[in-house]
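Biologist: Hi! Could you walk me through this one?
Modeller: Happy to, let's have a look together.

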Amino acid sequence: MDVTMIPFAEGEKLLDWVGLTRAFEDGHKRPKAEIGDTFLYRDPDTLLNRAAWIDGMGIAVKSATIFPGNPAKGKPMIGGAVNLYNDADGRFEAIVDFHLVTKWKTAGDSLLAAMKLARKDSRKVLIVGAGTVGRSLREAYGAGFPEAEFTVWNRTRENAEMMAAEYPGMRVADDLEAAVAEADIVTSATMSTEPVLRGEWFRPGQHIDLIGAYRPDMREVDDATLQRARVFVDSFDTTVGHIGEIRIPLESGAIRREDLVADYYEMEKFTRASDDEITLFKNGGGAHLDLMTSRYILDAWRAG
């Protein structure tokens, strides 16, 4: 059996952030993906299984373990595997490095929304969270907004300083509220179960990008933030019933289902109504995005 193996470093050299956003747009023009997600929990640990089939593109299956306590033990927080199957005959086609797919899928997902929803004159980007995803966001937003200035805030300043040292010109914020007020784009990737961002901190014209919350009990913003913004998601199927950021305020009545403007299957709706509105995007991921990313990576690998 001839199966392509794509490791992280070799694969990443072939990829382009803006090119990936175009692949996402093209992928959402195809028939809607059939997806199946399964979550298992052992607080605070998570097992996530995701599968997707897009007619004409193929099948992807990803399993991920998320153990937040691992970094303190010198171990990776996330592990897993991604398998890609041929659409026509179900043939096992490729094994793509899990971390390569996850990195590019996650940050590319947010970049696509920001390129659609953020003001074109956005120049100041605040990254909330100095972990692995925060670094990926710096790379992605740097490609999509090449003239932007970057600031990072983290609960532990030392970690923010370490991240800033990796990117010349990046500033470290001590006061999160003040940093939010200065930013044009606020992108958040924390592991918080309680909101770290408050609605009263935001000003007209900003774009908010939320990545961190992935479980039903997790949130990064409060109700007031959602109420002040026009809210978009990458997929209704993977956010509304699964992720606390959307599920909790829907259940409490803080927002209504009709307040969610669109997901990527209505890409034409991903636009600002005015320069003064606040836009908010919830990045929920999803196996269909893993499939689109894996296919983009495999195509780039074959192209050389």
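Modeller: Let's begin with a helix pair: α4 and α5 cross in a right-handed way. Keep in mind that this is a predicted model.
Biologist: Nice. At what angle do α4 and α5 pack, and how far apart are their axes?
Modeller: Helix α4 (residues 132–144) and helix α5 (residues 157–166) pack at about 30°, and their axes are 11 Å apart. Angles under 35 degrees count as roughly parallel, so α4 and α5 are roughly parallel to each other.
Biologist: Which residues make the contact?
Modeller: On α4 they are G134, R135 and R138, and on α5 they are N159, M162, M163 and E166. By class, that contact has three charged, two polar and two nonpolar residues.
Biologist: Switching topic: in what order do the strands of the sheet run?
Modeller: The order is β1-β6-β5-β4-β3-β2, six strands in an open sheet with mixed pairing. At the edges sit β1 (4–6) and β2 (34–42), each pairing on one side only. On average, neighbouring strands are turned by 10° against each other, ignoring direction.
Biologist: And in what sense do β2 and β3 pair?
Modeller: Antiparallel, over nine bridges, with β3 covering residues 45–54. For example, L40 has L47 in β3 as its bridge partner.
Biologist: Which helices pack on the sheet?
Modeller: Helix α3 (residues 98–117) does, touching β1, β3, β4, β5 and β6, and its direction makes about 90° with that of β5. Helix α10 (residues 287–303) also packs there, touching β1, β2, β3, β4, β5 and β6, with its direction at about 65° to that of β3.

How values were computed. Residues are numbered from 1 along each chain as its sequence is written. This is a predicted model: local features need pLDDT of at least 70, side-chain atom pairs count only at pLDDT 80 or more; totals for chains, interfaces and linings use all residues. Side-chain values use heavy atoms; hydrogens and water are left out. Two strands pair if DSSP finds at least two bridges between them. Helices (H or I, at least four residues) and strands (E, at least two) are DSSP runs, numbered from the N terminus. Axes are lines fitted to C-alpha atoms, for helices over the stretch in contact, and angles run from 0 to 180 degrees between N-to-C directions. Contact means heavy atoms within 4.5 Å. Angles under 35 degrees count as roughly parallel, over 145 as roughly antiparallel, 65 to 115 as roughly perpendicular and the rest as oblique. A crossing is left-handed if the near helix is turned anticlockwise from the far one by less than a right angle, and right-handed if clockwise. Ala, Val, Leu, Ile, Met, Phe, Trp, Tyr, Cys and Pro count as nonpolar, Asp, Glu, Lys and Arg as charged, and the others, Gly among them, as polar.
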